[in-house]
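Please look over the sequence and the structure shown here before reading on. The briefing below takes up a helix, a core and a group of aromatic rings in turn.

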Amino acid sequence: MKAPKKTQNRQARKRRVRAKVSGTAARPRLSVFRSLLQISAQLIDDETGKTLAAASTKELKAKPNVEGAKKLGEAIAKKAKDAKIKTIVFDRNSYQYHGRVQAVADAAREAGLTF
């Protein structure tokens, strides 16, 4: 069965972003995923295919709104600092750089990550 048009469009947007963004061990990719129940972020080394650090609003016991996204950005930046990571590449996935996704990025920048 063929996927709905909405899903096809989302996957196409995701492929376009991922064609331009890739993470390394020195500069991992900060991938953001948002759903109705949570927002999650991962630091990924694409060369080895490993997740270096991860955080979610569910583990922080925060709501998946803009305030929760800010807490998530601070948490992922703290985990990155613990792993001695200072610079990253931001992967917004198929989402607009707006609202919750932007709040994660801004909070991570304020907490010390460079991108």
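This is a predicted model: local features need pLDDT of at least 70, side-chain atom pairs count only at pLDDT 80 or more; totals for chains, interfaces and linings use all residues.

**Length and ends of the helix**

- Helix 3 has 17 residues (66–82), which should span 24 Å at 1.5 Å a residue, and this agrees with the 25 Å that lie between its end C-alpha atoms.
- At the start of helix 3, a side-chain oxygen of Asn-65 comes to within 3.3 Å of the backbone nitrogen of Glu-67, while just after the helix Lys-84 takes a positive phi of about 60°.

**The largest nonpolar core**

- This core has 23 residues, and Leu-30, Leu-43 and Ile-76 are those with the most contacts inside it.
- Strand 1, strand 2, strand 3, helix 3 and helix 4 each give two or more residues to the core, and the largest share, 6 residues, comes from helix 3.

**Aromatic rings**

- The structure holds 2 aromatic pairs; in one of them, Phe-90 and Tyr-97 have ring centres 6.0 Å apart and planes at 85°, so the pair is edge-to-face.
- In the other pair, the rings of Phe-90 and Phe-115 are stacked, because their centres are 5.5 Å apart and their planes are at 15°.
- This second pair links distant parts of the chain, with Phe-90 in strand 4 (residues 89–91) and Phe-115 in the segment after helix 4, 25 residues apart.
- Phe-90 counts as buried at 15% relative accessibility, whereas Tyr-97 is partly exposed at 35% and Phe-115 is partly exposed at 25%.

Note on methods. Residues are numbered from 1 along each chain as its sequence is written. Side-chain values use heavy atoms; hydrogens and water are left out. Helices (H or I, at least four residues) and strands (E, at least two) are DSSP runs, numbered from the N terminus. The expected span of a helix is 1.5 Å times one less than its number of residues. A polar contact is a pair of N or O atoms within 3.5 Å; within protein, one must be able to donate a hydrogen and the other to accept it, and residues adjacent in sequence count only if both atoms are side-chain atoms. A nonpolar core is a set of buried Ala, Val, Leu, Ile, Met, Phe, Trp, Tyr and Cys residues joined through side-chain atoms within 4.5 Å. Buried means under 20% relative accessible area, exposed over 50%, partly exposed in between (1.4 Å probe, protein chains only). Rings of Phe, Tyr and Trp (its six-membered ring) pair if their centres lie within 6.5 Å; planes under 30 degrees apart count as stacked, over 60 as edge-to-face and the rest as tilted.
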